Amino acid sequence: MNFRPRSGLSPTTPMQQAQQRPISWKRNLAVLWLAGTCVAIGFTFSFPFMPLFLQDMGLAQGGRAALWSGIIQVSMGVGMVVSGPVWGLAADRYGRKRNVVRAMFGGGAFMLLSAFSTRLYHLIILRFLTGLSTGSMGPSMA
């Protein structure tokens with residue numbers, strides 16, 4: 001226990017000492033790299049299985065399932081292009097960490113909902129909404 005009188009700017013408790021230590025940029029880079037990698041793997045993991053999922057939904061022909069699979073994946077990209085500048089402004093205004101966490105949870109929620117879709121247009125809309133709600137790569141790189 002520290003019995004020194006409080007004088008000057010020196011911290012007196014271990015908590016105050018820990019709060020004043022600078023955070024290493026290397027640790028932040030490692031955490032953001034890991035988070036970005038997990039997000040990229042999570043959002044793209046379904047790509048190879050999408051034609052099979054569409055065939056289970058009723059598209060019997062493999063060529064049609066592959067075509068609609070591409071359209072579904074493009075809808076996610078279109079959503080990301082549309083919402084990218086908005087999430088960039090939100091990250092500048094409210095903080096990048098908050099925006100990255102929001103994007104991960106929002107995208108994850110829509111990906112979970114897309115697993116339960118029963119119609120083709122449900123899946124297209126949900127993937128588009130996934131693209132709209134995500135935006136973690138830009139703030140992570142900034």
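Reader: Which residues in H4 meet residues in H5, and which ones in H5 do they meet?
Author: Trp87, Ala91, Asp92 and Tyr94 in H4 meet Arg96, Arg98, Asn99 and Arg102 in H5. By class, this contact of H4 with H5 has 3 nonpolar, 1 polar and 4 charged residues. Contact means heavy atoms within 4.5 Å. Ala, Val, Leu, Ile, Met, Phe, Trp, Tyr, Cys and Pro count as nonpolar, Asp, Glu, Lys and Arg as charged, and the others, Gly among them, as polar.

Reader: What should I know about the model itself?
Author: This is a predicted model, in which local features need pLDDT of at least 70 and side-chain atom pairs count only at pLDDT 80 or more, while totals for chains, interfaces and linings use all residues. Residues are numbered from 1 along each chain as its sequence is written, and side-chain values use heavy atoms, with hydrogens and water left out.

Reader: How many helices and strands are there?
Author: The protein has 7 helices and 0 strands. Helices (H or I, at least four residues) and strands (E, at least two) are DSSP runs, numbered from the N terminus.

Reader: Back to H4 and H5: at what angle do their axes cross?
Author: The axes of H4 and helix H5 (residues 96-115) cross at roughly 135 degrees and come within 7 Å. H4 and H5 are therefore oblique to each other. Axes are lines fitted to C-alpha atoms, for helices over the stretch in contact, and angles run from 0 to 180 degrees between N-to-C directions. Angles under 35 degrees count as roughly parallel, over 145 as roughly antiparallel, 65 to 115 as roughly perpendicular and the rest as oblique.

Reader: And Ala91, is that buried or exposed?
Author: Ala91 is buried, with a relative accessible area of 5%. Buried means under 20% relative accessible area, exposed over 50%, and partly exposed in between (1.4 Å probe, protein chains only).

Reader: What about Met80, how accessible is it?
Author: Met80 is partly exposed, with a relative accessible area of 37%. Leaving aside neighbours within four places in sequence, Met80 is in contact with Gly131, Leu132 and Thr134.

Reader: How do H4 and H6 lie relative to each other?
Author: H4 and H6 are roughly parallel to each other. The axes of helix H4 (residues 62-94) and helix H6 (residues 120-133) cross at roughly 30 degrees and come within 6 Å. The residues of this contact divide into 13 nonpolar, 7 polar and 1 charged.

Reader: New topic: which residues form the largest nonpolar core?
Author: The largest nonpolar core has 6 residues, namely Met50, Leu54, Leu59, Ala65, Ile72 and Leu123. A nonpolar core is a set of buried Ala, Val, Leu, Ile, Met, Phe, Trp, Tyr and Cys residues joined through side-chain atoms within 4.5 Å. Helix H3 (50-57) and H4 are the elements that give two or more residues to this core.

Reader: What does Leu123 touch, then?
Author: Setting aside neighbours within four places in sequence, Leu123 is in contact with Met50, Phe53, Leu54, Met57, Ile72, Ser114 and Ser117.

Reader: Finally, how much of the protein is buried?
Author: Buried residues make up 27% of the 142 residues.
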